[in-house]
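Please look over the sequence and the structure before going on.

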Amino acid sequence: PRAIDYRTVLDLQLTNTITRIRDADEDVGRATVLSLAMALSLEAEIASSVASNNNFGTSAVSRATWTLSSIKGMGEQARRLFAAAVKAQEGDDGGSHTTQEEHEELVERHPTLMLESINEVLFQYQGYGKMRAWSDVHAFSFARVVETGSGSPLHVAILYQAVAEEAGLPLDCIVLEDGNYAVLSLGQWAIDPYSSGMLMATEEIAELFDIEDPKPSSVRDVSIALVKMQLYVDWAAITGVFEPAFRLPLEGEEGLDLALGLYDDVSFSYEMSGSEGEEEGEVSQFFVVRDDRGQQYLANCVRAAEKLRILERDSSDSRIRLGVLLYFNKRYQDAAEVLDSLVNEIGNEIGSEVENEVENEIGSEVENGATALGVEDVDRDEAGDDDDTLTERILNSKCRTLANKCRLLSSSYSSM
């Protein structure tokens, strides 16, 4: 019960934070990213505690408090090293007796000395480094990254940014490869925390990642990347596909193909374990969720997708992602509502003539929205279903119809 109470409070906090980021992106500071990273980490701890029926206690909250204290301590240590380096180089009094304004002036004059000090603290004294593998779930929990010393490129970059902020050197994050990598911006230079703080010219970043102009990402873009990483780690645990290059898609036409069993790059197709007595293949799904842990991963994915829908301002991809995950989670009514809103929006944009062509391609709907799209027409008398099972089958079929319509409409819209 205590963990559930914590989760309720945290859900409200997260919703308020991401709504503020969505609505006032330019007015929120870098500290908001750290707050979001901590809150997401705490949410994952609570979800895991509830799923395993462990006593939540105060361990996760204590870890969060310790994490913030550690960041502050590492920032102060970097300041002391910096002061000593400035004094050794130029004889300037950069010691602990300088005012904040004087310290900022010294940092502005000697930014590379500060970077060297931060690198010394993080990578020599503390031993932070790369994650062991993409399957290492702790690499995507900020509090665990601070505790264990290894993390994903994005989480290590956010740690570096937070320590630099404490030390008096503000840095902006540049999100790369949809959050799979990140560097920090310092004028015409970029710091690569995942490579032990290597200093590179922005032109090198542009060449390495094949982008034209590596500009600092907005707080909203960094926040989107953080939530996506949280979603991907649970999605990977369900599908067994951890490497980003092979990750099963949830967005766009490919995501809809996945829900419909039409995704060509995957050679397997399973039904999700359903209610007791459900016949094999009766409700077609695309992966196996056989235990409570798998169901928890799927619920975590849905929560992350709901956050992304807010942060991405109700974009098409955010609604497809959420609709597909709700469908896999057998929340058919919710999935239908999300997909239906997108179908109506795209239909209004492309015009009635094209929409009618799509309708004809799909075929006419049968009673209550059930269709023969990979699911047999529903007949209560023949199937002998009770009301709940019949409703579930109808809603499942309706979701598949909407997903297919959305896929065809999107394809028509993109070709216009």
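What follows is a walk through salt bridges in this model.

The model is predicted. Across the whole structure, a search finds 17 salt bridges. Side chains of opposite charge can pair when their charged atoms come close.

Begin in helix α3, which covers residues 59-90. Here K72 and E76 form a salt bridge, with 3.9 Å between the closest N and O atoms. That distance counts because the cut-off for a salt bridge is within 4 Å. The two residues lie 4 positions apart in the helix, so about one helical turn separates K72 from E76. Both partners are partly exposed: E76 has a relative accessibility of 37%, and K72 has a relative accessible area of 43%.

Helix α6, residues 142-148, holds another pair, R144 and E147. Their closest N and O atoms are 3.9 Å apart, and they form a salt bridge. E147 is partly exposed, at 41% relative accessible area.

The next pair is R132 and D136, whose side chains meet in a salt bridge at 3.5 Å, N to O.

Finally, turn to a group of charged residues. D178, K228, E251, E312 and R321 are linked in a network of salt bridges.

Methods: Residues numbered from 1 in each chain as written. Predicted model: local features only at pLDDT ≥ 70, side-chain atom pairs only at ≥ 80, totals over all residues. Heavy atoms only, no water. Buried < 20%, exposed > 50% of the residue type's maximum accessible area, 1.4 Å probe, protein only.
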